[in-house]
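Thanks, everyone. I will take a few minutes on the aromatic rings in this chain, and then on the chain as a whole.

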Amino acid sequence: MASSGASSGTSSSLAPEPEEKGAAEPSQSRSANAHSTASIIFSEPSHRRHGRLNFHWVLRLNQRAVPALRVLTNWKVETYIQGRKAAGCVSSRDRLYRFLASPTSSGNALMFALLILAVSFASIITFGVESHQHSKQVSSALELYGENATAIEEHLGSLTPPYEEPLFAWNCVLAAVFTAELALRLATYPTPLRDSELWVDALALLPLILRIACASTPEGDLFYESALEMYLPGQYYQPAGGTFLHLNAAFSSLRLLKLTRHMLGCRILGQTLTESFTALLIPTYFLFMLVTLFGTLLFALEYDPYAERDGPRVLDIPTAWYLILVTMATVGYGDFSPQTAGGRILMGLVMISGLTVMAMPLAIVG
């Protein structure tokens with residue numbers, strides 16, 4: 001009897017346990033789902049990856065960085081990958097897409113994005129160094145031969161060809177890196193033609209490839225008719241010459257947007273400009289109206305073709321518009337200035353109006 005009572009007591013004391021366990025199951029499942037979601041989004045390193053190269057410390061540094069410089073998660077990519085995982089059809093292409101398009105998906109992805117950003121800075125610096133070298137060569141040629149174009153061309157043609165310079169090999173390395181990265185993105189992105197990031201990459205890569213193509217042949221026969229056009233694209237301009245390529249080289253800076261567009265500060269700035277765009281149209285329109293109004297009045301007060309000896313005068317209405325815009329922007333190049341009393345009074349009103357108009361966008365955006 002005692003034993004049966006004890007057993008019944010024991011059973012009664014153990015009876016509620018299944019209910020408590022059942023009650024604890026939802027919370028455990030929720031924590032498990034939260035952990036799986038976090039692992040999907042942030043790709044915490046697992047034990048099965050032990051021994052592989054992993055830059056998880058880069059993620060920790062990113063979390064401790066200044067908020068404005070902190071790289072955020074690409075939720076568009078993570079949502080796409082999470083949907084693929086839910087459907088059970090995640091492929092190597094999807095993993096590579098996540099690696100390239102979502103820098104915070106893993107430490108390796110963030111480290112790769114930082115390396116590409118560093119290489120992008122290096123390419124811009126390289127172009128500046130090339131321009132400095134060519135400018136020194138042109139300056140020395142002009143000092144030696146003055147305006148003798150034939151002698152300058154012979155002198156520049158006797159210099160080391162661009163394709164034999166050390167920077168040419170470095171440009172080839174940069175082009176190979178950027179081309180391989182762009183090819184991987186084109187092969188892995190679900191809709192590459194609809195992704196603006198890939199169009200920016202292609203636009204930034206094109207000038208580098210064209211510069212290599214021009215420098216890879218003697219005297220740049222592909223785009224230049226002579227060595228003179230290669231070294232003096234501004235002064236000795238030809239439609240197929242180097243000015244086009246040097247202008248396109250400015251697009252190389254667009255590659256810096258690859259990682260910075262995921263930073264918190266850039267997103268806040270972009271969102272602020274987007275929300276303020278409609279309000280900014282009003283001061284822009286007001287500025288255009290004042291430039292045309294004051295410019296026409298200034299031309300009426302200042303135009304005198306016989307008084308050029310008194311100082312630089314506006315000779316047409318577009319020049320007067322330019323003077324008004326420069327004054328309202330508080331730049332003041334000094335290439336034109338009012339010479340009459342009426343013109344000076346008008347420019348004083350323009351200065352006051354410029355301070356007011358230019359302060360409006362700052363108040364709107366702020």
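**Aromatic pairs**

Tyr80, Tyr97 and Tyr189 form one aromatic cluster. Before going on: this is a predicted model, where local features need pLDDT of at least 70 and side-chain atom pairs count only at pLDDT 80 or more, while totals for chains, interfaces and linings use all residues. Residues are numbered from 1 along each chain as its sequence is written, and side-chain values use heavy atoms, with hydrogens and water left out.

Rings of Phe, Tyr and Trp (its six-membered ring) pair if their centres lie within 6.5 Å; planes under 30 degrees apart are stacked, over 60 edge-to-face, and the rest tilted. The count by this rule is six aromatic pairs. One of them is Tyr97 with Tyr189, edge-to-face, at 5.0 Å centre to centre and 75° between the planes. This pair links distant parts of the chain, 92 residues apart: Tyr97 sits in helix H5 (residues 92-101), and Tyr189 in the loop between helix H8 (166-188) and helix H9 (196-215). Helices here are DSSP runs of H or I, at least four residues, numbered from the N terminus.

Are these two tyrosines buried or exposed? Buried means under 20% relative accessible area, exposed over 50%, partly exposed in between, with a 1.4 Å probe and protein chains only. Tyr97 is buried at 7%, and Tyr189 is buried at 2%.

The pair of Phe99 and Phe112 is tilted, because the ring centres are 5.5 Å apart and the planes are at 40°.

Finally, the whole chain: 33% of its 366 residues count as buried.

Definitions and conventions:
Helices (H or I, at least four residues) and strands (E, at least two) are DSSP runs, numbered from the N terminus.
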